Amino acid sequence: MKKILGVYSAPRPHWVGDGFPVRSLFGYDGLGKHLSPFLLLDHAAPTPFAPAAQPRGVGQHPHRGFETVTIVYQGELEHRDSTGAGGLIGPGDVQWMTAGGGILHEEFHSRAFTARGGTIEMVQLWVNLPAKDKMSDAHYQTLLDAQIPSVALPDDAGRVRVIAGAFDGQRGPARTFTPMDVWDIRIAQGGTARFDAQPGHTLALVVLHGTVQVNGDTIAREGQLVHLDRAGSGVAIEANGDATVLWLSGEPIAEPIVGYGPFVMNSQTEIQQAMADFHAGRFGRMAA
């Protein structure tokens, strides 16, 4: 079984824009230093919003050097960017955005959701790009719920949605620059599931709902992250009640990480260039 290196609790929630009260489970300037290729994870826990006239969310902002992965559990989001792309994602859908060499982006509650009100819950994960790919062209992958394989676990223990990588012969639809597994795991009350993890890869389990026991002796509750050793392969997860766990496993990128807000590069010089390019309008412009 994999050795557990630590269990980490999210700090108090903070607002991102006016639409997402998030708990940051890790960031690239803290625990994320040890979770390559993953840089940051925010969980916007279920939050009710009353009907409104104007969509809530996050206005225009830049990114360079990595990818953002947005998983919607409840509610509906609309996004658009400086490439002219845009779209809508709802429950079960995933938006995998490659910022690459630079993009301006905004994301809001959808207009229909804003008008009727309801509950928003989502996760945003930042995935690093290797140096050779940091300046690649920006693009989107819209992964609809119907496109994401859902694999039943033995003994009715739950299900695994395979967003990226592979599980039990099913491959997720996400195209990634480096090898990784991103799985949305649901374990039913009283269920126990055993998983094989790739030796040498980073592994973190993020508990979004419920309480689980990992490898027979470590308890993790909602809003906690379990960091496991890269050595070994076996992982067992048991749930006392219905639980939702995000499995993040990937091949580490053995390169320096230098980040400044929405830019993640390999050197301070590259960060300074990103800032200069952004201020010079080289990330493009958003349509009015």
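Strands here are DSSP runs of at least two residues marked E, numbered from the N terminus. The model is predicted.

Most residues other than glycine have a negative phi, and most peptide bonds are trans. D156 has a positive phi, near 55°. N215 also has a positive phi, of about 55°, and is not a glycine. N215 sits in the loop between β20 (211–214) and β21 (218–221).

Is D156 buried or exposed? D156 is exposed, because its relative accessible area of 74% is over the 50% cut-off. N215 is buried, because its relative accessible area of 15% is under 20%.

The bond between S36 and P37 is a cis peptide bond, with omega about 15°. P37 belongs to the loop between β3 (20–26) and β4 (38–49).

**Pockets**

| Pocket | Volume | Lining by class |
|---|---|---|
| Largest pocket | about 300 Å³ | 8 nonpolar, 6 polar, 2 charged residues |
| Second largest pocket | about 190 Å³ | 7 nonpolar, 2 polar, 4 charged residues |

The largest pocket has a volume of about 300 Å³. Its lining holds 16 residues, and V16, L40, D42, Q124 and W126 are the closest to its centre. Which element gives the largest share of this lining? β3 does, with 4 residues.

The second largest pocket has a volume of about 190 Å³. It is lined by 13 residues, and those closest to its centre are A166, D181, W183, D196 and A197. β15 (166–167), β17 (180–187) and β18 (192–196) each give two or more residues to this lining.

Methods
Residues numbered from 1 in each chain as written. Predicted model: local features only at pLDDT ≥ 70, side-chain atom pairs only at ≥ 80, totals over all residues. Heavy atoms only, no water. Buried < 20%, exposed > 50% of the residue type's maximum accessible area, 1.4 Å probe, protein only. 1 Å grid on protein atoms, 1.4 Å probe; cavity = no way out; pocket = protein on both sides within 12 Å on 5 of 7 lines; lining within 4 Å. Points joined across faces, edges and corners; volume = space filled by probe spheres on them. Nonpolar A, V, L, I, M, F, W, Y, C, P; charged D, E, K, R; others polar.
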